[in-house]
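Subject: Structure handover

Hello,

The structure is below, followed by notes on what was found in it. Please read them with the model open.

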Amino acid sequence: MKGLNIHMKPQDILLLLKLISLDDVTWKQKYVAEALGMSQSEVSESVARSKYSGLLDPKVDEPVKVNHVRRMKVSIAN
(Lines give C-alpha, C1' and ligand atoms only; values in the text may rest on other atoms or scores of the structure.)
Protein backbone atom coordinates (compact mmCIF):
# COMPACT_ATOMS: atom_id res chain seq x y z
CA MET A 1 0.00 0.00 0.00
CA LYS A 2 1.36 3.41 -0.93
CA GLY A 3 2.51 5.43 2.04
CA LEU A 4 0.60 5.17 5.28
CA ASN A 5 -2.91 6.03 4.04
CA ILE A 6 -4.90 4.03 6.54
CA HIS A 7 -8.13 6.02 6.41
CA MET A 8 -11.08 4.00 5.21
CA LYS A 9 -12.72 5.06 1.95
CA PRO A 10 -16.26 4.49 0.68
CA GLN A 11 -15.05 1.84 -1.77
CA ASP A 12 -13.77 -0.18 1.21
CA ILE A 13 -17.34 -0.62 2.44
CA LEU A 14 -18.43 -1.53 -1.08
CA LEU A 15 -15.70 -4.16 -1.23
CA LEU A 16 -16.68 -5.62 2.14
CA LEU A 17 -20.35 -5.80 1.10
CA LYS A 18 -19.34 -7.54 -2.12
CA LEU A 19 -17.29 -10.10 -0.19
CA ILE A 20 -20.22 -10.77 2.13
CA SER A 21 -22.52 -11.26 -0.87
CA LEU A 22 -20.10 -13.75 -2.46
CA ASP A 23 -20.33 -16.08 0.55
CA ASP A 24 -17.06 -17.64 -0.62
CA VAL A 25 -13.63 -17.44 1.01
CA THR A 26 -11.82 -18.28 -2.23
CA TRP A 27 -12.51 -15.00 -4.02
CA LYS A 28 -9.98 -13.44 -6.39
CA GLN A 29 -9.12 -9.74 -6.47
CA LYS A 30 -9.39 -9.70 -10.28
CA TYR A 31 -13.00 -10.95 -10.22
CA VAL A 32 -14.01 -8.53 -7.47
CA ALA A 33 -12.35 -5.62 -9.27
CA GLU A 34 -14.24 -6.40 -12.48
CA ALA A 35 -17.54 -6.88 -10.66
CA LEU A 36 -17.20 -3.54 -8.85
CA GLY A 37 -15.75 -1.58 -11.77
CA MET A 38 -12.56 -0.91 -9.82
CA SER A 39 -8.94 -1.45 -10.76
CA GLN A 40 -7.13 -4.39 -9.22
CA SER A 41 -4.77 -1.99 -7.44
CA GLU A 42 -7.76 -0.18 -5.86
CA VAL A 43 -9.08 -3.52 -4.61
CA SER A 44 -5.63 -4.43 -3.27
CA GLU A 45 -5.35 -1.15 -1.38
CA SER A 46 -8.91 -1.52 -0.07
CA VAL A 47 -8.12 -5.02 1.17
CA ALA A 48 -5.02 -3.70 2.96
CA ARG A 49 -6.99 -0.89 4.64
CA SER A 50 -9.75 -3.29 5.65
CA LYS A 51 -7.24 -5.72 7.17
CA TYR A 52 -5.49 -2.88 9.01
CA SER A 53 -8.81 -1.65 10.42
CA GLY A 54 -9.78 -5.14 11.57
CA LEU A 55 -12.80 -5.41 9.27
CA LEU A 56 -11.21 -8.08 7.07
CA ASP A 57 -9.72 -11.15 8.67
CA PRO A 58 -6.10 -11.30 7.43
CA LYS A 59 -5.99 -15.10 7.78
CA VAL A 60 -8.87 -15.90 5.46
CA ASP A 61 -9.51 -12.61 3.61
CA GLU A 62 -13.16 -12.36 4.54
CA PRO A 63 -15.10 -9.85 6.60
CA VAL A 64 -14.57 -10.50 10.30
CA LYS A 65 -18.24 -10.77 11.30
CA VAL A 66 -18.95 -13.24 8.49
CA ASN A 67 -15.99 -15.33 9.61
CA HIS A 68 -17.30 -15.44 13.20
CA VAL A 69 -20.80 -16.39 12.03
CA ARG A 70 -19.40 -19.23 9.90
CA ARG A 71 -17.39 -20.56 12.85
CA MET A 72 -20.50 -20.47 15.05
CA LYS A 73 -22.51 -22.38 12.43
CA VAL A 74 -19.81 -25.03 12.22
CA SER A 75 -19.55 -25.38 16.00
CA ILE A 76 -23.34 -25.62 16.35
CA ALA A 77 -23.57 -28.22 13.60
CA ASN A 78 -20.94 -30.40 15.28
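In this predicted model, Gln29, Lys30 and Ala33 of helix H2 meet Gln40, Val43, Ser44 and Val47 of helix H3 (contact means heavy atoms within 4.5 Å; helices are DSSP runs of H or I, at least four residues, numbered from the N terminus). By class, this contact has three nonpolar, three polar and one charged residues (Ala, Val, Leu, Ile, Met, Phe, Trp, Tyr, Cys and Pro count as nonpolar, Asp, Glu, Lys and Arg as charged, the others, Gly among them, as polar).

The axes of H2 (residues 29-36) and H3 (residues 40-53) come within 8 Å and cross at roughly 110° (axes are lines fitted to C-alpha atoms over the stretch in contact, with angles from 0 to 180 degrees between N-to-C directions). H2 is therefore roughly perpendicular to H3 (65 to 115 degrees).

For H1 and H3, the axes come within 9 Å and cross at roughly 90°, so H1 is also roughly perpendicular to H3. Gln11, Asp12, Leu15 and Leu16 of H1 touch Val43, Ser46, Val47, Arg49 and Ser50 of H3.

The largest nonpolar core has ten residues, including Leu15, Leu16, Ala33, Val43 and Val47 (a set of buried Ala, Val, Leu, Ile, Met, Phe, Trp, Tyr and Cys residues joined through side-chain atoms within 4.5 Å; buried means under 20% relative accessible area, 1.4 Å probe, protein chains only). H1 (10-22), H2 and H3 each give two or more residues to this core, and H1 gives the largest share, three.

Residues are numbered from 1 along each chain as its sequence is written. Local features need pLDDT of at least 70, side-chain atom pairs count only at pLDDT 80 or more, totals for chains, interfaces and linings use all residues, and side-chain values use heavy atoms, leaving out hydrogens and water.

Regards

Definitions and conventions: Angles under 35 degrees count as roughly parallel, over 145 as roughly antiparallel, 65 to 115 as roughly perpendicular and the rest as oblique. Buried means under 20% relative accessible area, exposed over 50%, partly exposed in between (1.4 Å probe, protein chains only).
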